[in-house]
Amino acid sequence: MPEIRVPKLNNNDTSYIVVEWLVETGQHVKAGDPIAVLETSKAADEITTETDGYVWPSIPLNADCAPGQLLAHLTTTPESPQLTTADPTPTSNLSSFTSTPPLAAKSSASDTRMGLSTDSSASASPPLLPSTIESSVSASHAGIGPSVPSTDSSTSLSMSARASTAHGGIASASSSATPPSAGSPSAAQPPLITAPAQALLDELGIPVERVYSLGLSVIRRADVEGLAAENVPTATYELPKVQRAVAKAVQMSHATIPAAYTVMAMDLDDTLELAARLTREVRRPVGLAELFVLAVARLHATFPMFFATLADDRTALLSETPNIGVTVDTGEGLYVPVIHNAADRPLKEVATRLMEFRLASTTGDFRESDLANANIAVTLHHDADVSLAIPFIFPGHACALAITTPQPVLTLNDDTLTTKKVANIGLAYDHRLINGREAALFLRALKDTIHELPRAEGILTL
């Protein structure tokens, strides 16, 4: 006859505990149905059967078991298996399969659900005789023990009810709803609900009547999860045109550009003070964006490859002017307007153009020329808590510069602790055009240029 053996569930435990029998002794199951729950030191695992048949448990509830040990017999007929010398169940050990002494209970609706006999004429079971040893063994396999006389002849707890009680964690119905009465000839037997499944039902607030419609004899947690997923509304959101354009650019960038990244910390105390002073002088907002545009533009002649476009595997097209794209996102979408020929623009003009770009981003009212022909990008990350950002490289560009908000950093200066505003300035670059050494040199030159701005002559005309 087929056997169901205890599988190896993990490498940490040499034995497990049978914490639930999900079927009654002699119950018919189908392939894939769970029959028992074994508890390890890590989790509780459901054991399933691989074939159809009638289950006859061989290990009592709450007993230890080891991998490879016989967990249950499986027969093709509803008759209990005949024990042989090859698979003995010593009568001297029958007590290990018994549960608590038989219970007596009054007839009630809850008794009926648990399988209680409500026939007032029912009498207690006779004492265990040798001729009944087979049924006693079958009962003990379910962890319920042989029948013994009851002290109350009005009602007696049937074997199925006692098995359900011993299973401790199988509920045939939620307390919030009353299933069809088991005593009614026309009523269907409510399904058994495993403890994990019942816990999830309670957590999600799903009425127990819902699981009856599944048509299953045993309800597992996975069944409840599937039931819950069927009723989760799927919200939809159509991406705006601007975001679809960004998505296309990002996808193309990641698919075609082998990017690398280098970051350098820059002390910006003097630069921030300069920005505040220049704001008053030019009567335009001047911040890190405006000053970094000026600084990047001044590096064009020294680092032409950072403004180049890859034509093919052997050729790069060099740009005559630094056309610097600056990211602008005011909540209506990401735009990258361009400061064309930035090296020839005075500070006031750069500040004016960036202010106009920010206003236009609120409505998307850009001219086509505002967004065309950039050959390098400066990406701004204004959120105070952002200390590092890795930008994607726009298709056709060689690199993208990321500017984050300066953060206060404690620094030891002449044996005195001082606070400086430091920002991590990062450079993502196309490794086909630029190598790591060139990236580090570019960032070092940019750092020196930013630090020189407060002392540069003719800053307003840069």
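Tutor: Helices (H or I, at least four residues) and strands (E, at least two) are DSSP runs, numbered from the N terminus. This is a predicted model: local features need pLDDT of at least 70, side-chain atom pairs count only at pLDDT 80 or more, and totals for chains, interfaces and linings use all residues. Residues are numbered from 1 along each chain as its sequence is written, and side-chain values use heavy atoms, with hydrogens and water left out.

Student: OK, how many helices and strands does the protein have?

Tutor: Eleven helices and 19 strands.

Student: Which strands form an open sheet?

Tutor: Four of them, in the order β1-β8-β6-β3, with antiparallel pairing. The edge strands, β1 (3-5) and β3 (28-29), each pair on one side only. Two strands pair if DSSP finds at least two bridges between them.

Student: And how many bridges do β6 and β8 have?

Tutor: Four, between β6 (residues 53-57) and β8 (residues 70-75). Tyr54 stands opposite Thr75 in β8.

Student: New topic. Where does Leu412 lie?

Tutor: In strand β18, residues 407-413.

Student: Is Leu412 buried or exposed?

Tutor: Exposed, because its relative accessibility is 61%. Buried means under 20% relative accessible area, exposed over 50%, partly exposed in between (1.4 Å probe, protein chains only).

Student: What share of the protein's residues count as buried?

Tutor: 41% of the 462 residues.

Student: Last one, contacts. What share join residues at least 24 apart?

Tutor: 63%, among contacts between residues at least 6 apart in sequence. Contact means heavy atoms within 4.5 Å.
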